[in-house]
Amino acid sequence: MSAALSLEVELQPEWRNVTRASEAVALLVLGTYGDDDLRDAIAMVSAELLENAIKYADPQKLVRLTIHDDAKVITVEVTNAVVKPEEVLRLAARLDWLRQHPDPAAAWVEALSLATAGTSTSERPGLGILRIAHEGGSRVDYNVSEPGTLTVRASMTKTPANE
Amino acid sequence: MESLDAGDLKIDIVETDSAYRLHWLGMSNERQPEKTLKPFFATVLQNAAAGSKGIELHFEHIERFNSSTILCIIQLIQEARHKNIRLEVVYDPSRKWQRLSFDALRIFDKADGLFALRPMGAA
């Protein structure tokens, strides 16, 4: 019997909802797949995506968290209303920086070095997105589906343990 | 020196002859964890320097932390090095997220011997 998680929830863009939602996700993933490492990975990915969304989202509009599972890939998506268009450009720049590296692990190590090298905040790559790619084993991309609405997506390939 | 109890995060301090052991418990999920952690770390560094002791960060039992917390941890590693204080990070390699998160900290392992990364159970 193979189980598949499907979840869609809309949240008030309040910081405390990051932990509430990621804890709920952790329980659902464990109940669905019975895999502690997958639970930790999807809960972390959900939390980091929600943190980014809530930091930069329109505080008057709901943030949507979606998780779905097809035969090969589990995808976590967070959608929010963007207040400042430059946030989308910043995200694009971070993903470009990530893809300049041979793999997410190499990007993660370089980001840690830059974080302590006296580099200014604006020049540092954001750790959240890199962590999703490295620790979450996910491909990260995004789209602006309608004016002012950003969806960031993390897709992880399933392993034999959780298929 | 008092333990830290802030929201979902607790850091218990155990003083030994050679080090202050900081046991991280719960979750570090604040939007700006540096507001709590920075002054706490400053006190730990001050006491460690005054008592010629090292610092051990024990993460074996923490549930999770956010990426802003990672930044605080690596800043502590750097500050300890500048003050000539030995710092050791202990983690649980049987948990995949800890293995992936902490293995990367090996970049701070230099010839000065002031930083060490120790998987739980290793001598």
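Helices and strands are here DSSP runs, of at least four residues (H or I) for a helix and at least two (E) for a strand, numbered from the N terminus. On this basis chain A of the predicted model holds 5 helices and 5 strands, and read from the N terminus its elements follow the order β-α-α-β-β-α-α-α-β-β. Along the principal axes, the C-alpha atoms of chain A occupy a box of roughly 50 × 40 × 25 Å. Of the 163 residues in this chain, 39% count as buried, and among its contacts between residues at least 6 apart in sequence, 63% join residues at least 24 apart.

Chain B was described in the corresponding terms. Its secondary structure comprises 3 helices and 7 strands, arranged from the N terminus as β-β-β-α-β-β-α-β-α-β. For chain B the radius of gyration is 13 Å, close to the 14 Å that the globule rule gives for 123 residues, so this chain too is as compact as a globular protein of its length. The C-alpha trace of chain B spans about 30 × 30 × 20 Å along its principal axes. Buried residues account for 36% of the 123 residues of chain B, and 68% of the contacts in chain B between residues at least 6 apart in sequence join residues that are at least 24 apart.

The two chains meet in an interface in which 22 residues of chain A are in contact with 19 residues of chain B. On the side of chain A that touches chain B, at least two residues are supplied by each of the helices α1 (16-33), α2 (36-56), α4 (104-115) and α5 (127-134). The largest share of that side, 8 residues, is contributed by α2(A). By class, the residues on the side of chain A that touches chain B comprise 11 nonpolar, 5 polar and 6 charged.

Helices of chain A also take part in covering a helix of the partner chain. In α3(B), which runs over residues 96-103, the residues W97(B), Q98(B), L100(B), S101(B) and F102(B) are buried. The cover over the buried residues of α3(B) includes α2 and α5 of chain A, together with β6 (87-91) and β7 (115-119) of chain B.

Within chain A, the helices α2(A) and α5(A) pack against each other at an angle of about 160°, with their axes 10 Å apart. Because angles over 145 degrees count as roughly antiparallel, α2(A) is roughly antiparallel to α5(A), and the crossing of the two helices is left-handed. The contact between them is formed by V45(A), E48(A), E51(A) and N52(A) from α2(A) and by G128(A), R131(A) and I132(A) from α5(A). By class, the residues of this contact between α2(A) and α5(A) divide into 2 nonpolar, 2 polar and 3 charged.

One residue of α2(A) may be considered individually. A47(A), which is found in helix α2 of chain A, has 26 other C-beta atoms within 10 Å and is therefore buried, the criterion being 20 or more such atoms. When its neighbours within four places in sequence are left aside, A47(A) is in contact with V18(A), S22(A) and N66(B). The C-alpha atoms of A47(A) and G128(A) are separated by 9.4 Å, although these residues lie 81 residues apart along the chain.

Helix α5(A) is also packed against α3(A), which covers residues 86-99, at an angle of about 45° and with the axes 10 Å apart. The helices α3(A) and α5(A) are therefore oblique to each other, and their crossing is right-handed. In this contact, R94(A), L95(A) and L98(A) of α3(A) meet I129(A), L130(A) and A133(A) of α5(A). The contact of α3(A) with α5(A) has 5 nonpolar residues, no polar residues and 1 charged residue.

Notes: Residues numbered from 1 in each chain as written. Chains lettered and ligands numbered in written order. Predicted model: local features only at pLDDT ≥ 70, side-chain atom pairs only at ≥ 80, totals over all residues. Buried ≥ 20, exposed ≤ 12 C-beta atoms within 10 Å, placed from the backbone. Contact = placed C-beta atoms within 7 Å. Nonpolar A, V, L, I, M, F, W, Y, C, P; charged D, E, K, R; others polar. Axes fitted to C-alpha atoms, helices over the stretch in contact; angles between N-to-C directions. Parallel < 35°, antiparallel > 145°, perpendicular 65-115°, else oblique. Left-handed = near helix turned anticlockwise from the far one by under 90°. Rg over C-alpha atoms; globule rule 2.2 N^0.38 Å.
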